[in-house]
Amino acid sequence: MAIQIYNTLTRQKEDFVPLDPERVTMYACGPTVYNYAHIGNARPAVIFDLLYRVLSRQFPKVVYARNITDVDDKINKAATEQGVPIDTITKKFADIYHEDMAALGVGQPTIEPRATDHIDAIVAMIERLIDKGCAYEAEGHVLFSIEAADDYGELSRRDMREMVAGARVEVAPYKRHPGDFVLWKPSDETQPGWDSPWGRGRPGWHIECSAMSAAHLGEVIDIHGGGQDLIFPHHENEIAQSRCAHGTERFARYWMHNGFVTVEKRKMSKSLGNTLIVHELLEEWPGEVMRYLLLSAHYRQPLDWSEGALEQARNTLDRLYGLLRDYPPADTEAEPEPEVVAALEDDLNTPTALAGLNTLARRLSSAEPSEQAELAARLRATAGLLGLLQADPEDWFKQRPGGNEIDEAEIEDLIAQRNAARKDRDFATADRIRDELAARGIELEDGAEGTRWKVTS
């Protein structure tokens, strides 16, 4: 079955047919590393990690590039405020980004290009645009002329007047058209900069992604992804400058965009004080719980984030891990459930895929003993495609978010004391130990095979 993708460019779902089935190329816009990532930044990282997993099942080689923007005015501002070089800021927050995304089950992309490593390629691309009459120099800046690009606005479906009237465009006297955007800007002695034919300066944001994509994936790529907020102006501008520079009909053949994350039905914003930082959320919630919630809505739809939704996700994962603990999977290699694979190949339909995962779990819970090990293996393999249920079940129930250590030996000793008290019919002592552990966020489960425990808070 062909993978289907909703293409933002055509506004319809299409069969995915790569340019080269032996080398599928995809690019997703990564972080600008000047601060901690919020949960809205995490959504595309999780979504395109999942897309990479799905594509890799069908195609022998998928080259996935997700960039790091490590030169930007926001980085400059943070470095100035803290009195440190920009690479101090970028290294710190790139490392934290990697740690936080790994906690959410996001694997490393095939390639992770950094803007500062591609200055020569950026300069060469700008020179090509000037030579072709698509860009011009003005007062130390180089700007792209949107009037030189055929079908500018095709991705966002905006006409020129709309783009100028409602756009985040800088009105400057040196622009020939208000919608023209910066490819290169001058740097003073306090700002990072590189030598160029137009003087010491630094690249604009849009040109960085075009240059990095071309350098690692080629002039025309299969899939370009990112958040819905990047459709205009960032992706629109990438299309214009890439097509003009390379003389190609297309830059990316399929465009995929994820929806926004809201918090308790409200838009997430600094002004409302409801920006949720992944690094802080991981102090309270396991990363896998957050991944499950991020996958619970279709990627093109808005996702509402709430404490209640997190609790529901954790309860679901507790139930699934509980099944794997009760019914250990067979050691044999298992294939994912076909219905779940089909849902993911249908434009990453994660709500249907998760429903299929839970249906499989119910089958396991009522299966004959002879079928349990095989079904448990299939459950784990199916969840693995989604980036879920790959931890040891015992470790899952004993983990504490934020990396706080649990003294397992002490807990086991208290459980032994409680069991001894119960044997002696000293129920007051047994209840006191249970209550003491409960106060510490440890829940006991008595069963035929003895007493098990799990962390609840």
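Biologist: Which residues are linked in a network of salt bridges?

Modeller: A salt bridge puts a side-chain nitrogen of Lys or Arg within 4 Å of a carboxyl oxygen of Asp or Glu. Here R418, R422, R434 and D446 form such a network. The count by this rule is 18 salt bridges.

Biologist: What should I keep in mind about the model?

Modeller: The model is predicted: local features need pLDDT of at least 70, side-chain atom pairs count only at pLDDT 80 or more, and totals for chains, interfaces and linings use all residues. Residues are numbered from 1 along each chain as its sequence is written, and side-chain values use heavy atoms, with hydrogens and water left out.

Biologist: Where do R53 and D49 lie?

Modeller: Both are in helix 1 (residues 39-58), four residues apart, about one turn of the helix. Helices are DSSP runs (H or I, at least four residues), numbered from the N terminus. The two side chains meet in a salt bridge at 2.9 Å, N to O.

Biologist: Is D49 buried or exposed?

Modeller: Buried means under 20% relative accessible area, exposed over 50%, partly exposed in between (1.4 Å probe, protein chains only). D49 is buried, because its relative accessible area is 5%. R53 has 24%, so R53 counts as partly exposed.

Biologist: Which residue meets E335 in a salt bridge?

Modeller: R57, at 3.8 Å, N to O. This pair links distant parts of the chain, 278 residues apart: E335 is in the loop between helix 10 (307-326) and helix 11 (338-345), R57 in helix 1. E335 is exposed, because its relative accessible area is 55%.

Technical notes:
Helices (H or I, at least four residues) and strands (E, at least two) are DSSP runs, numbered from the N terminus.
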